[in-house]
Amino acid sequence: MKLKLRIWRQAGPNATGKLVDYDIDGVSEDMSFLEMLDLLNENLTNVNEEPVAFDHDCREGICGMCGVVVNGIAHGGSSTTVCQLHMRSFADGATIEIEPWQAGAFPVLKDLAVDRSAFDRIIQAGGFISSNTGSAPDAHAMPAPKREADVAFDNATCIGCGACVAACPNSSAMLFTAAKITHLAMLPQGQPERYSRVKSMVAAHDEEGFGNCTNIGECAAVCPKGIPLESIAQLNRDLIKSMFTKDGK
Amino acid sequence: MRSTVVKKVIMAVTGLIMIAFLLMHMYGNLKMFAGEEAFDHYAHWLKGDILYPIVPQGWFIWIFRTGLLAALVLHIWSAASLSMRTLAVRGPGYDKFKPQAQTYSARTMRWGGILVGLFIVFHLLQFTVKVLRTGFDANAGPYEMFVLSFSTWWVFAFYAVLMVLICMHVRHGFWSAFQTLGLNSSAKSQRWLNLLGIGVGVVLYVGFMLPPVAVLIGWVN
Ligand code: HEM
Ligand code: SF4
Ligand code: FES
């Protein structure tokens with residue numbers, strides 16, 4: 001396959017970036033999107049140009065490191081991550097525009113790589129449970145109802161890729177935060193800190209400079225793990241309850 | 001607590017109060033069809049006898065207006081303060097962006113809201129303060145005012161367009177408010193509240209526009 005690429009190039013956090021056009025030939029349909037970028041980078045290195053920086057790690061759709069906006073859609077409309085998007089989804093000769101995640105709270109580090117450490121700080125604010133040290137408890141010692149366990153599991157699949165923020169016209173990270181809140185709120189192990197957790201995680205969310213949610217739904221539409229808007233309603237519900245409930249009551 | 005979610009809750013509650021008011025207002029306007037006397041009597045009753053003798057005559061309307069005004073002010077305050085913050089922190093905008101889910105109403109909440117606000121000002125100047133008189137004179141009764149205004153084509157057209165904006169704001173707002181209040185937390189409630197939101201929007205449009213249409217085509221005069 002032969003393709004035309006338009007890629008956002010930015011030398012560093014404070015540099016001004018711009019879209020640059022590249023032609024690429026010899027792309028196989030079986031390549032993943034990231035392998036296509038690898039090929040471009042080999043070509044660029046051969047002619048002594050700076051390769052395009054982009055984030056990646058597992059390349060299996062499970063770590064959450066990769067993520068770019070492809071032709072205006074976070075993760076390229078693949079319903080998975082960009083590392084699992086294959087070149088057969090594109091027509092030969094197509095033009096592909098590639099931009100980094102955009103949000104005030106996700107500054108560009110270089111080219112397509114952005115700093116998502118704001119997510120880590122939201123997690124640190126409350127995405128944990130307290131447990132006693134000592135010998136491991138029996139696996140089935142604490143029963144969890146089936147429905148709640150399923151919801152918890154679905155929400156636990158969030159890989160923290162940031163596509164929800166990238167797609168949101170408000171640059172809000174409510175879907176990510178809601179996935180973490182809902183995951184822990186559904187399980188018995190999450191109960192002791194349930195209401196203080198939601199308060200501190202939402203406070204951290206706001207403090208990191210993410211926008212407020214206006215229930216538009218772009219986030220859920222691009223989430224590679226199918227986290228639904230219902231999770232945001234669950235977060236809102238817990239936050240409202242936290243105004244009247246203290247943990248442990 | 002000053003989180004964005006708390007401000008959203010204020011916006012949701014005040015928005016729902018105003019939607020409830022709109023439904024009542026619509027019902028009241030439909031009284032048109034019962035004739036001039038019934039309509040004027042209703043309008044008079046609103047301003048005079050409700051809750052009398054619990055409160056003195058004529059007090060109710062002012063208590064009611066104060067409540068609505070408070071809802072409107074709080075709604076605009078939370079909308080403005082959230083919007084200004086978000087517009088300042090969001091990304092600069094993609095060269096290319098393909099929306100995947102957003103509805104037209106969801107996307108126009110901010111601009112739409114501002115237009116709705118300006119409409120409210122116009123509407124009050126027209127029918128409550130009566131300084132913008134559209135074809136009626138200062139001592140016209142409510143029914144007369146209504147008929148004379150909507151026999152003018154541009155008044156009709158203006159309302160027909162602005163009501164679309166209001167109903168779009170209400171459609172997304174209704175659904176969004178329940179999301180904000182935490183009631184959409186299952187796939188089933190999402191679906192039902194979405195349908196209900198569309199229903200409220202359509203009912204409001206049809207209900208509000210019926211009397212003006214009747215006036216315009218000369219069915220009511
Ligand atoms: C001065 C006029 C108004 C302005 C400037 C305004 C502005 C806004 C804005 C910016 C939003 C947030 C958008 C979002 O979260 O999706 C909103 C939401 C909403 N508005 Fe308005 N609005 C106005 C009047 C009204 C009126 C008259 C009603 C009711 C009849 C109403 C009902 C709602 C509802 C129910 C919401 C949803 C709250 C939520 O998202 O939780 N608004 N408004
Ligand atoms: S909610 Fe979905 S889109 Fe957002 S960070 Fe988690 S996996 Fe990525
Ligand atoms: S590289 Fe791990 S999810 Fe894409």
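The contact between the two chains draws 46 residues from chain A and 39 from chain B, with contact taken as heavy atoms within 4.5 Å. This is a predicted model, where local features need pLDDT of at least 70 and side-chain atom pairs count only at pLDDT 80 or more, while totals for chains, interfaces and linings use all residues. Residues are numbered from 1 along each chain as its sequence is written, chains are lettered from A and ligands numbered from 1 in the order written, and side-chain values use heavy atoms, leaving out hydrogens and water.

Put together, chain A and chain B bury about 3,500 Å², with 53% of that on carbon and sulfur atoms; buried area here is the accessible area (1.4 Å probe) lost on being put together, summed over both parts.

As for charged pairs, the count across the two chains comes to one salt bridge, meaning a side-chain nitrogen of Lys or Arg within 4 Å of a carboxyl oxygen of Asp or Glu. It joins A:Arg6 to B:Asp95 at 3.9 Å, N to O. On the chain B side, the elements giving two or more residues are α1 (4-30), α3 (59-89), α7 (153-180) and α8 (187-216); helices are DSSP runs (H or I, at least four residues), numbered from the N terminus.

Then there's ligand 2, with 14 residues around it, of which A:Cys158, A:Cys161, A:Gly162, A:Cys164 and A:Cys223 come nearest; a residue belongs here if one of its heavy atoms lies within 4 Å. In chain A, α4 (163-167) and α5 (174-185) each give two or more residues to this shell.

Terms used
Buried area = accessible area lost by both parts, 1.4 Å probe.
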